[in-house]
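Please work through the following exercises with the coordinates at hand. Each task is followed by a solution in steps.

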Amino acid sequence: AKLKNSVCFRQARWKPCHICWPGPLKGSCDWNGVPCNSTLQGLVCPSSRFGVAGSALEPLLISQADWIQIICATGALAFSPFLLRMWRQLGGYSWPTRSYKVAVVVPNYWLELCGLCTAALICFAATAPADVWGNCSSDVCVYHLMFCEYTRHGSPVRHPANFWTNLPYMYNSLFLATRAWRDSCNASNRPYQIADCLFCVVLLLHSCASFTWHGSNCTDVHFVDIGLMNAVILFLPLRYGAMLLASLVGKDDSFVGKPAAVVYLASVVALLRSALSQTDFFHRAFPTAYARSDLTIGEVSSLLAFPALYSLPSLGVIALRKNWGHLGSLYLAAATVPIGFGAQLFFERWPSDLGCVPWSWIQPT
């Protein structure tokens with residue numbers, strides 16, 4: 001009777017909601033009568049809020065030093081744009097002397113492929129039955145240990161905000177695929193052609209896995225999404241690292257092009273194997289900040305500051321080759337990479353969870 005009189009039940013007609021019972025070692029969560037369990041402690045179901053209060057950071061910010069550490073880690077996100085600005089101000093020996101404009105050439109059939117794939121997804125979302133994913137889609141607690149968006153059990157797309165934001169991955173993979181086809185027709189000998197093709201395949205597979213994971217919240221596919229996501233993140237530092245190595249040893253890019261592709265392929269296999277080994281664990285829980293009793297302020301600070309290091313290999317290539325490339329793209333990447341990573345780390349439940357609007361179409365993923 002107490003449950004039926006709750007605000008959550010009274011509001012259920014206009015917004016799905018969770019009823020949760022946190023426990024010392026596990027929590028139970030019921031979403032419109034569908035139960036599931038999590039073996040981790042501190043199960044927290046989505047509720048709208050912003051700020052440190054009630055977030056995963058709150059119990060870690062014990063002293064003034066903890067606050068200073070988090071603030072410094074946040075400030076590190078501006079490292080790359082600041083370094084570029086100072087570099088341009090100081091000039092000197094290491095100042096690149098050239099830049100160039102890029103003429104955007106849309107590969108043949110790219111827009112058509114993007115349109116067809118988008119139309120197919122829209123048709124699926126509009127016509128597929130709600131139970132298309134089977135019983136696994138009813139286990140929402142593992143998903144909500146990581147994400148804020150509420151689950152829509154009456155739709156084949158359980159989490160539309162997180163589902164549709166995978167379109168850019170698909171579009172970029174199709175762009176790379178059409179470019180690879182053009183290179184093949186033109187007998188191109190670009191040094192990183194094989195590596196780029198591998199990245200195209202990984203990016204396409206990642207978009208498919210992520211569509212499935214966020215559309216269904218079936219934990220069977222979670223490890224695939226995690227492993228491929230890490231492989232996507234790895235590609236650009238590895239590619240620019242290969243270019244940096246070629247510059248350091250005074251060789252042409254063709255010297256490192258094929259070895260870079262081999263290293264990337266081996267890395268993808270290793271990352272997928274690592275994620276696969278955790279599949280049984282992913283069926284029960286996900287190690288977000290709420291679920292871990294061993295999380296430290298140092299680990300959170302390291303995660304928040306990591307994006308500042310992401311562009312260092314590309315900046316090294318610029319310094320050695322004295323060529324900016326396309327300045328607009330350079331500044332755009334230097335600004336958006338830390339902003340994107342930072343927004344995800346601050347507002348996703350792993351590791352900070354500073355904000356949550358469960359029914360919003362803007363979600364940190």
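The structure is a predicted model, in which local features need pLDDT of at least 70 and side-chain atom pairs count only at pLDDT 80 or more, whereas totals for chains, interfaces and linings use all residues. Residues are numbered from 1 along each chain as its sequence is written, and side-chain values use heavy atoms, with hydrogens and water left out.

**Exercise 1. Determine how α4 and α7 pack, and which residues make the contact.**

Step 1. Helices (H or I, at least four residues) are DSSP runs, numbered from the N terminus. Helix α4 covers residues 110-127, and α7 covers 167-185.

Step 2. Two packed helices are described by the angle between their axes and the distance between the axes. Axes are lines fitted to C-alpha atoms, for helices over the stretch in contact, and angles run from 0 to 180 degrees between N-to-C directions. For α4 and α7 the angle is about 145°, and the axes are 9 Å apart.

Step 3. The crossing of α4 and α7 is right-handed, that is, the near helix is turned clockwise from the far one by less than a right angle.

Step 4. With contact taken as heavy atoms within 4.5 Å, α4 contributes Trp110, Leu113, Cys114, Cys117, Thr118 and Leu121, while α7 contributes Leu167, Met170, Tyr171, Leu174, Phe175 and Thr178.

Step 5. These contact residues divide into ten nonpolar, two polar and no charged. Ala, Val, Leu, Ile, Met, Phe, Trp, Tyr, Cys and Pro count as nonpolar, Asp, Glu, Lys and Arg as charged, and the others, Gly among them, as polar.

**Exercise 2. Classify the ring pairs Trp110 with Phe175 and Phe199 with Phe235.**

Step 1. Rings of Phe, Tyr and Trp (its six-membered ring) pair if their centres lie within 6.5 Å; planes under 30 degrees apart count as stacked, over 60 as edge-to-face and the rest as tilted. The count by this rule is six aromatic pairs.

Step 2. The centres of the Trp110 and Phe175 rings are 5.4 Å apart and the planes stand at 90°, so this pair is edge-to-face. Trp110 belongs to helix α4 and Phe175 to helix α7, 65 residues apart.

Step 3. Trp110 is buried (under 20% relative accessible area; exposed is over 50%, partly exposed in between, with a 1.4 Å probe and protein chains only), its value being 18%. Phe175, at 26%, is partly exposed.

Step 4. Phe199 and Phe235 are stacked, with 4.1 Å from centre to centre and 5° between the planes. Because Phe199 lies in helix α8 and Phe235 in helix α9, this pair ties together parts 36 residues apart in sequence. Phe199 is buried at 12%, and Phe235 is buried at 3%.

**Exercise 3. State where Gly316 lies and how far it is from Tyr240.**

Step 1. Gly316 is in helix α13 (residues 312-321) and is buried, at 18% relative accessibility.

Step 2. Gly316 and Tyr240 are 76 residues apart in sequence, and their C-alpha atoms are 8.5 Å apart in space.

How values were computed
Helices (H or I, at least four residues) and strands (E, at least two) are DSSP runs, numbered from the N terminus.
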